[in-house]
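I opened my notebook for a first look at this structure. Here is what I looked up, entry by entry.

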Amino acid sequence: MTTATAESQSKQTMGFQAEVKQLLQLMIHSLYSNKEIVLRELISNASDAADKLRFEAISNGSLYENDSVLNIRISFDKDARTLTIADNGIGMRREEVINNIGTIAKSGTKEFFQNLTGDQAKDANLIGQFGVGFYSSFIIADKVTLITRRAGETEAVKWESHGEGDFTIEATEKAGRGTEVILHLREGEEEFLNDWKLKSIVRKYSDHITLPIVMKKSEWKDGENGEGGQMVTTDEDETINKASALWARSKSDISEEEYQAFYKHISHDYENPLAYTHSRVEGKQEYISLLYVPAKAPFDLYDRDRNQGIKLYVKRVFIMEDADKLMPQYLRFVRGVIDSADLPLNVSREILQDSRDVEAIKNGSVKKVLSLLEEVADNKPDDYAKFWEQFGRVLKEGPGEDFANKEKIATLLRFASTQSDTEVQNVSLKDYLSRMKPEQEVIYYITADTFAAAKNSPHLEIFRKKGIEVLLMSDKVDEWLLGSLTEFEGKKLQSIAKGDLDLGKLEDEADKAAQKEVEAQAKDLVERLKAALGDAVKEVKVTHRLTDSPACLVAGEHDLSGNLARILKAAGQKAPESKPILEINPSHRLVEKLSAEADAARFADYAHVLFDQALLAEGGQLENPASFVKRMNSLIL
Ligand SMILES: Nc1ncnc2c1ncn2[C@@H]1O[C@H](COP(=O)(O)OP(=O)(O)OP(=O)(O)O)[C@@H](O)[C@H]1O
């Protein structure tokens, strides 16, 4: 990944990975107005390094090297124009420095770069989500020196770069373990050499960091001989943040701003969260959870390999960040902290996997998030609409994944419907039930590849005529959802494009008698069509659903819908072969014309065209488009 050109045994110059170069350029330009984040990012890294040391030291106490009071120290040197952020955390070995600081090893890097638009405001937001981390240093520094020693090792490493194309790396000495980042400030960045200003930035961004952030105290010194006084730095240390785990504090002591700042710290998001829930659970399992729902979906929401989301702590000690064990996939957008009082400190990923305690914590946390969403849906519908737009498609994975909470998730789902006929998904199943006709027994829906195909589907004709609402489903995940969500509050969900259409009590006896009569009259035609279409269809029937279109295709009651079969095929999966049923509308002029056609060859052409059109109307693809065109032409001429 990096190209090494050895300059000497001890000092090497190496090129940044191409993506790093690109990111550096972009970042310096688009985040320039956001300089303060540099401190936030570097403090955050220092705090992670301390967490890692604490965790490793559980099994190897000697890593503390007689220095177990962990902290972060910030200092500046006005004359040298440097700002230094130092920690006594885990530190890095030479290869770690090269791998961590010279390359971007994150999942989703490619998607990230593809998403950049060149629009500064939009890109700044994306870069924020991606997490600029250490590289943000170059927003305010034209040279960065990093000196680090891994806990337990003797050799230290010095890394240095101007943030352009390359960096140097060489061996050095460092007494204490941990990392020191020295920013050589750019011209015009003097505010970072101001004691008061630095402290106010640190307080703003890092109050919730659990480590003490220490700076030298400064005090006012009067001038001598009547000259003006000035602030001078003393030798005394001062802790400038609250340094307590925010989630462990009592709710009433935490301000809205602190909750928001903490969210930004753990999520690297620029925006405030949409909602959060903070609770202390006591009883069999004791734990604290502070869980946030973001306002915006991250660019890698659909990347199933991402493992971030929930940080697990045991008695304030950071253990790991592993969304999988603590949140189900369908809630993978949730960010936050879970701090258990019962799990062993040396808990490993394997233990987490099988732990009943962890399962209980997970179940409890899922309930909290679902209740939070319910609360937002009930009390802040505009916020819920925003949530749905960002995460609705992910939540739709829920009923298939989380059987125990199926009903609860179902009440949170929103759909587009024929009620408003717009693409906006804002109809809940409860709304639907409340609008159902008194005689209506099931919830009707249609699935299609696109919203337009669903909305314009011929299958809807009878429903529109009778004023019966139908849910319009066109997200890919809808088919998966409908596989597990088959009823809601005792009412079955029924596809209007599958099986025989039985409108039950929505039809009166006169309707049914008229239908029977049409069927009897079309019996001959149906037989001729079956013979002409042969294997292409499972059956031919007189429709019940169409009023304006000549024909439509319907899947058998127990067959896959045409839409699902196409999704599976596109995904390269084998779908069970099932032939569609062709339903015809004998009162349509085209069908009348077909019925009157005595010439067998022309009749067959009409029959195939009718079938192919019905397939096209529902978003399907013709097996043999050329023969469709040929037939159409022969009929036109
Ligand atoms: N002070 C530090 N001590 C030890 N390791 C560090 C330190 N700073 C950075 N690193 C290492 O360098 C890696 C890259 O840091 P960087 O800030 O670029 O990204 P990150 O922290 O992994 O991601 P993000 O900032 O998006 O959370 C870190 O994951 C960590 O392994």
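**Entry 1: a helix pair.** I began with α23 and α24, whose crossing is left-handed (the near helix is turned anticlockwise from the far one by less than a right angle; clockwise would be right-handed). Helices here are DSSP runs of H or I with at least four residues, strands are E runs of at least two, and both are numbered from the N terminus. I noted that α23 and α24 pack at an angle of about 125°, with their axes 10 Å apart. That makes α23 oblique to α24. For the angle classes, under 35 degrees is roughly parallel, over 145 roughly antiparallel, 65 to 115 roughly perpendicular, and the rest oblique. The axes are lines fitted to C-alpha atoms over the stretch in contact, and angles run from 0 to 180 degrees between N-to-C directions.

**Entry 2: ground rules.** This is a predicted model, so I kept in mind that local features need pLDDT of at least 70 and side-chain atom pairs count only at pLDDT 80 or more, while totals for chains, interfaces and linings use all residues. Residues are numbered from 1 along each chain as its sequence is written, and side-chain values use heavy atoms, with hydrogens and water left out.

**Entry 3: who meets whom.** Which residues of α23 meet α24? I found Arg602, Asp605, Tyr606, His608, Val609, Asp612, Gln613 and Leu616 facing Phe628, Arg631, Met632, Ser634 and Leu635 of α24; contact means heavy atoms within 4.5 Å. By class, this contact of α23 with α24 has six nonpolar, three polar and four charged residues. Ala, Val, Leu, Ile, Met, Phe, Trp, Tyr, Cys and Pro count as nonpolar, Asp, Glu, Lys and Arg as charged, and the others, Gly among them, as polar.

**Entry 4: the other neighbour.** Next I checked helix α22 (residues 589–596) against α23 (residues 600–617): their axes come within 9 Å and cross at roughly 155°. That makes α22 roughly antiparallel to α23. This crossing, too, is left-handed. On the α22 side I listed Leu590, Lys593 and Leu594, which meet Phe603, Tyr606, Ala607, Leu610 and Gln613 in α23. The contact of α22 with α23 has six nonpolar, one polar and one charged residues.

**Entry 5: α23 itself.** I counted 18 residues in α23, reaching 26 Å from first C-alpha to last, close to the 26 Å expected at 1.5 Å a residue (the expected span is 1.5 Å times one less than the number of residues). Its buried residues include Phe603, Tyr606, Leu610 and Phe611; buried means under 20% relative accessible area, exposed over 50%, and partly exposed in between, with a 1.4 Å probe and protein chains only. The buried residues of α23 pack against elements including α20 (523–533), β22 (551–554) and α21 (562–570).

Entry 6: Is Ser136 buried or exposed? Ser136 is buried, with a relative accessible area of 0%, and sits in the loop between α5 (120–130) and α6 (137–140). Beyond residues up to four places away in sequence, Ser136 touches Met27, Ile37, Val38 and Glu41. Ile37 belongs to helix α2 and counts as buried at 2% relative accessibility.

**Entry 7: a positive phi.** Last, I looked at Glu65, in the loop between α2 (37–59) and β3 (72–77). Its phi is near 50°, a positive value in a residue other than glycine. Glu65 is partly exposed, with a relative accessible area of 30%.
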